[in-house]
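I opened this notebook to record what I looked up in one structure, entry by entry.

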Amino acid sequence: MEEVCTGYFSFSQQEEKILALWQQLDAFATQLKRTEGLPEYIFYDGPPFATGMPHYGHILAGTIKDIVTRFQTAIGHHVIRRFGWDCHGLPVEYEIDQKLGIKTRDQVLQMGIDNYNEECRSIVMRYSKEWEKVVTRMGRWIDFDNDYKTMDLKFMESVWWVFKQLYEKGLVYKGFKVMPYSTGCKTPLSNFEAGLNYKDVADPAVLVAFPLEGDCEGASLVAWTTTPWTLLSNVALCVNANFTYAKVKHKSSGAVYIVARSRLAELPDKRPKKEPVKENLSAEKGSGKKSSKNKEKGTSEEISNIAAEASSYEVLSECKGIELVGKRYKPLFEYFLELGEVAFKVVADDFVTDDSGTGIVHCAPAFGEDDYRVCLEAGIIQKGEELPDPVDIDGCFTEKAKDFKGRYVKEADKDIISMVKAMGRLVGAGSIMHSYPFCWRSDTPLLYKAVPSWFVAVEKFKGRLLENNKQTYWVPDYVKEKRFHNWLENARDWAISRTRFWGTPLPIWLSEDGQEIVVVGSIAELEKLSGFQAKDLHRHFIDHITFPSKRGPSFGKLKRVEDVFDCWFESGSMPYGYIHYPFENEKLFETNFPGHFVAEGLDQTRGWFYSLMVLSTALFEKPAFQNLICNGMVLAEDGKKMSKRLKNYPTPMEIVDEYGAFYMQDALRLYLINSPVVRAESLRFKREGVFAVVKDVFLPWYNAYRFLVQNVLRVQMEGLSPFRPLNASTLQASTNILDQWINSASQSLVLFVRNEMEAYRLYTVVPFLLKFIDNLTNIYVRFNRKRLKGRTGEEDCRVALSTLFNVLLTTCKVMAPFTPFFVEVLYQNLRKALGSDSEESIHYCKFPEVYGKTDIRIEESVARMMSVIDLARNIRERHNKPLKTPLREMIVVHPDKDFLDDITGKLGEYVLEELNVRSIISCDDPLRYASLRAEPDYSLLGKRLGKSMGLVAKEVKNMTQDDILSFEKSGVGHFAGHELSRAEIKVIREFKTPDGVNKAEVDAAGDGDVLVILDLQPDQTLAEAGFAREVVNRIQKLRKKAGLEPTDNVEVFFELLSVSESDPNLLYKVIDSQALYIQESLGSPLLHHRKVPAHAVILMSERYSGVANASFEIILARPALFFDHDAILQACSGIQEHAEGVEIVLLSRDPAILRTELAANNNKLEVAIDSIGQYDVVYGQHFYLSVGEHYLHTKA
């Protein structure tokens, strides 16, 4: 293995090196090649638009997709990963409209559809390189060279095939639908798109009178609306048949009105105006309606006039709504008088409510879904016929509304109100502040408008949709069970056509009389019908194609309808289009459908997830996917939506470029998947959170790896045989309990990650990894430093190093899907110890199998050991007893005898050393040092028990000592009719001071599981050990101050500067009596300063005082050769000059090389001196490699 960085480690620079390595290996393509023939794992990648830059939502979803597909590859699948691009639709057209200043549809036709579409094509892949840069830098492996595009000929042909299948199944029809309509983009939007951009706006709110014909009292029906522009299209008034309506007369004006009795307060009185009232209402709700997706008529009970008081009006009579049905009224405007025979009458429907408005709804069927339905049922309009609609595609009034021709409808509201007032039909006027939908692209107000469209009859197979949803697995499941289920349950027929230009054209050819329809399902079929071989299916390449009617020449030719597909239809066709099914890859598709996995954001429940489910159900009566991860939204740090205008977040490109020097992409990946955002909740993105992952995960992980490498290199530097990790079976047989523990823990990690990944719960992995890395560094490495440094013998050292090597390698393989860069950095060095047959990349390695066994007992014992250590530390802190102060005794109380055997046996040496305690006593009698009491775990039981919680809690708290002991033994108990397990009841052990013991002499701490008791009595016999610990502590701090690594060998010298008057030799006694402890702690003996050789390199020195009432100086020096001058002089025949030459030659040699040569030559060296001769010297006789070695050899 190669040396590792001992100072600042640049994670980002290492990641750049790994990117270069992957490119050199062509790693992704190689991995795909190597896994060919393995079972397929089908992953569908939802296509984004390349007309915009990638954002954190894309990075998040991409990270999730990469982790899952890497994992599936590692467990033995062939996973094709092709990037996809959404190329058609409104986002692209809007960009071109802005660029070319296009405002109307006629302008497109004037420039030519061919020119317009080619302009669209030219920008589709505008930011594709930026996308590739960001996605690649994030470590995601996906094929950009073999990507799919929805504008590709093969993809579009598959879309045609999908549509023809639906048509042949009787699931396609043409009709009108009231839809959210963008006048800025001249196209209807899906309800999903309509919900993307709501704003608080002030709109007019008016009460309008509709005089009844033939009413003897001249009564008028009163309707309330916030969309005065729709009044021009009024053809009916709707009441609720079951409501009671009151005819009232204003006492002063004499005006007679009819409204719902419960809504009399809506009628105005002539009083001062109020301020507008702010309401939070959807633009899809009408006045007094239950419906959605209707024209906005408002639901506020407020207008600017003060509501009427009962005393202002006289009630003349009352009637049920059904009695009003059929009555005719005087039209407000004369624009649609041709409908007079069937229109301008009262109809009834229960969509009218009495919780707002007047209980009477004005109906304009072209601008409200319920309006359309009610008027259709009443025979006012006919299905498929023209509607009373005076508004063009630009949102302006047509010639039909001659008084307002060319006016944008919203801008005409004021003038319409003025005209209504001039007619004497305005009952009241004001304004309302409410939430209104705007186009997410053009930022113009949406209108709800009836548009002709081709539909997929989703309502026909809604039940099957719900059944198919049950067959899918979602994370989190509540999105499936609630949000998506509810959306499917309320699914309406899907309008899939758009009157646009840049998209996949509908393959519908229609005869001139509309009676003959041909739906084309392939390029070959089109050629067969027309003789034209299409090379491109966009409008400007096929709109000219016609073919004769099957009924004969007199019926003319069939011409294609002008519409194109909604881009959601295209993305929903992705499982078929990206592999050109059914024209190619039939076997691949049919043996692997439904696909195995998709992942996108929460917004896609009403977008891509929905379109996938609808089309797959309609085509195959199956869901499109088996497993789905739904992520939430990434917000800025301030909790607001990330905004380019507010600049409240670093862009992904900044993360890659500007912040690349200190951002670690693997850390960003872990930060994202360890957040609520992978559970479909929101995440406030904080840079500090990414840095915290570096600090808490990667630095400890790297330090454990670095410690391994340094000690492996130390083995080689000491002249021992090169390190080769022992095989797994040998390591499993290790008798060291911490070896057994970490091997078991690593297998638990393998098992846990595999189980969680197979359940698609990515968010559980990081917490488990954090705990594992903490255990690896703070337990295994920390407690085994002596073994790893070779101070317990070479054989034991190799076992410990091999164990650490194996654990790190296993961890890297387990975490490869999550942190692809970091594990590759480590693996590329680790593999040097594996030999030439190791895999070139860790991402070619299989996910580890669980070998050997997981020893739950050992894992529990070590976990309890750490609890014991933490509890004992807490006691020390409470009594100001630092760890350097040795204590005589510790008692551990626990009923588990196996654990007590471990804590006093195999684990005992670690506990004693860590806590600086001389002995451990075990006790399995919980009542000897403690009293027991039980508490229910409210966090676990509250939700389960509900109202029974109080009774259960009371019985649990009333348990006697014997009850608690019996419960602990059985592990289950019954309380107030409920069975509780051991995990649901906390048994608290409260310390009681033993008889005859002073409370100041002992103290205890417990965690509800184990009780620790420390003997705090001072003992002078332990003082020397305490002094020695203080000396070692100061030396270790000095090493750190000198910038030394734990594996750096140095020699430590001391000089006594002043001594204790009461015991001048105390410090010498300490150093002498504690020599073994000091040597084991430092790795070398503590030497007298007089032994510092003249040629030694001093690294650092520092003076100290306050230890054993003495002051002293510590000196750190590089290991220096020690010479036996007399022995060398004798070997040189007594010639002083030659002896000095031998020493000079030896000092010039590299110590590591010198050690290697000694090992190879049985500790003998031949030293040649220029023009003088050659002398043989022997290690251990003439010289030593350090002063410490000479000291130990002499002492031995």
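The entries below follow the order in which I looked things up.

**Entry 1: ground rules.** I am working with a predicted model, in which local features need pLDDT of at least 70 and side-chain atom pairs count only at pLDDT 80 or more, while totals for chains, interfaces and linings use all residues. I number residues from 1 along each chain as its sequence is written, and side-chain values use heavy atoms, with hydrogens and water left out.

**Entry 2: cavities.** I took a cavity to be a set of points, on a 1 Å grid over the protein atoms alone, where a 1.4 Å probe fits but cannot get out, with lining residues having an atom within 4 Å of a point. Grid points are joined across faces, edges and corners, and a volume is the space filled by probe spheres set on the points. By this rule I count ten cavities of 30 Å³ or more. The largest cavity has a volume of about 140 Å³. Of the 16 residues lining the largest cavity, Gly89, Leu90, Thr187, Arg498 and Arg500 are the closest to its centre. I then asked which elements give two or more residues to this lining, and found α4 (90–100), β4 (187–188) and β23 (564–565); helices (H or I, at least four residues) and strands (E, at least two) are DSSP runs numbered from the N terminus.

For classes, I count Ala, Val, Leu, Ile, Met, Phe, Trp, Tyr, Cys and Pro as nonpolar, Asp, Glu, Lys and Arg as charged, and the others, Gly among them, as polar. The lining of the largest cavity then holds seven nonpolar, four polar and five charged residues.

The second largest cavity contains about 90 Å³ of space. Its lining consists of Gln31, Arg70, Ala74, Lys813, Ala816, Pro817, Ile842, His843 and Cys845, which by class gives five nonpolar, two polar and two charged residues.

**Entry 3: helix pairs.** Axes here are lines fitted to C-alpha atoms, for helices over the stretch in contact, and angles run from 0 to 180 degrees between N-to-C directions. Helix α3 (residues 56–74) packs against helix α21 (residues 665–673) at about 95 degrees, with the axes 10 Å apart. The two helices α3 and α21 are therefore roughly perpendicular, a label that covers 65 to 115 degrees, whereas angles under 35 count as roughly parallel, over 145 as roughly antiparallel and the rest as oblique. The contact (heavy atoms within 4.5 Å) is made by Ile59, Leu60, Thr63, Asp66, Ile67 and Arg70 of α3 with Arg669, Leu672 and Ile673 of α21. By class, this contact of α3 with α21 has five nonpolar, one polar and three charged residues. I note that Arg70 of α3 takes part in this contact and is also one of the residues lining the second largest cavity.

Helix α24 (residues 737–758) and helix α29 (residues 856–878) pack at about 110 degrees, their axes being 9 Å apart. That makes α24 roughly perpendicular to α29. On the α24 side I find Ile737, Leu738, Gln740, Trp741, Ser744, Ala745 and Ser748, which meet Ile858, Glu859 and Val862 of α29. The contact of α24 with α29 has six nonpolar, three polar and one charged residues.

**Entry 4: sheets.** Two strands pair if DSSP finds at least two bridges between them. Two bridges join β3 (residues 172–182) to β4, and Ser182 has Thr187 in β4 as its bridge partner.

A second open sheet has three strands in the order β16-β25-β24, and here the pairing is parallel. Six bridges join β24 to strand β25 (residues 625–631), where Glu600 stands opposite Cys630 in β25. Helix α13 (residues 477–489) packs on this sheet, touching β16 and β25, and its direction makes about 105 degrees with that of β16.

**Entry 5: backbone details.** The peptide bond from Val475 to Pro476 is cis, with omega near 0 degrees, and Pro476 sits in the loop between β16 and α13. Another cis peptide bond joins Tyr581 and Pro582, with omega about 5 degrees. Phe344, a residue other than glycine, has a positive phi near 60 degrees and is found in the loop between β11 (313–320) and β12 (345–348).

Key
On a 1 Å grid over the protein atoms alone, a cavity is a set of points where a 1.4 Å probe fits but cannot get out, and a pocket is an open set with protein on both sides within 12 Å along at least five of seven lines; lining residues have an atom within 4 Å of a point.
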